[in-house]
Amino acid sequence: MKAVWRFLNNYIEQILLFVMISILICSVTLQVFTRIIGSSFSWTEEVARYSFVWFVMIGMSYATKHHLHIRMEVILALLHGKKRSCFEILLQMFALCICGYLFYLCLDYVEFSYMKKAPALNITMSVLNVSGIVGIGLNCVRIVQNIAMEVAKLCRPQAKTEKED
């Protein structure tokens, strides 16, 4: 069980991103070829749009996991040791508050979107809108993991260097 958990923890975003980008590429390619033939499918555009939205929402979590978001690098470059870790925790806590609020809003929005239907696919719009819950939920998990890593750095005994106060 631990091996499965470790695998999912390490690769869940990569697997989902691969699936979403594959669906996007296949649907757009199909749309291009059917337009060349002269008869196109109406659903391929919606499938491409939905997979793109899912790709972006899951990509947000992947970027958080690998620290690829735009951050206050100028301030972080001036800080070292425990001060840097404390500031990093502060930034992560701020991001967690924002993501928590967005998660709450997404829950309300998905509940509301069950009534709407997608025109071409004739499925509920909540299939698209649940991407916010999944993406932001994964992002919250990754932020909590980042905070835990920074707290572990703070608790780890270190020899004092010249740069630290």
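**View A. Glu45 and Arg49, about one helical turn apart in helix 2.** Glu45 and Arg49 sit four residues apart in helix 2 (residues 43-65), so about one helical turn separates them. Helices here are DSSP runs (H or I, at least four residues), numbered from the N terminus. The two side chains meet in a salt bridge, 3.6 Å from N to O; the term means a side-chain nitrogen of Lys or Arg within 4 Å of a carboxyl oxygen of Asp or Glu. Glu45 is partly exposed at 49% relative accessibility, and Arg49 is partly exposed at 41%. For reference, buried is under 20% relative accessible area, exposed is over 50%, and partly exposed is in between (1.4 Å probe, protein chains only).

This is a predicted model, where local features need pLDDT of at least 70, side-chain atom pairs count only at pLDDT 80 or more, and totals for chains, interfaces and linings use all residues. Residues are numbered from 1 along each chain as its sequence is written, and side-chain values use heavy atoms, with hydrogens and water left out.

**View B. Glu13 paired with Arg142.** Here the closest N and O atoms of the salt bridge are 2.7 Å apart. Glu13 belongs to helix 1 (residues 2-37) and Arg142 to helix 5 (residues 126-155), so this pair ties together parts 129 residues apart in sequence. Glu13 is buried, at 1% relative accessibility, and Arg142 is buried too, at 3%.

**View C. Glu150 and Lys153 in helix 5.** These residues are three apart, about one turn of the helix, and their side chains form a salt bridge at 3.3 Å, N to O. Glu150 counts as buried at 10% relative accessibility, whereas Lys153 is partly exposed at 37%. The structure holds three salt bridges.

Notes: Helices (H or I, at least four residues) and strands (E, at least two) are DSSP runs, numbered from the N terminus.
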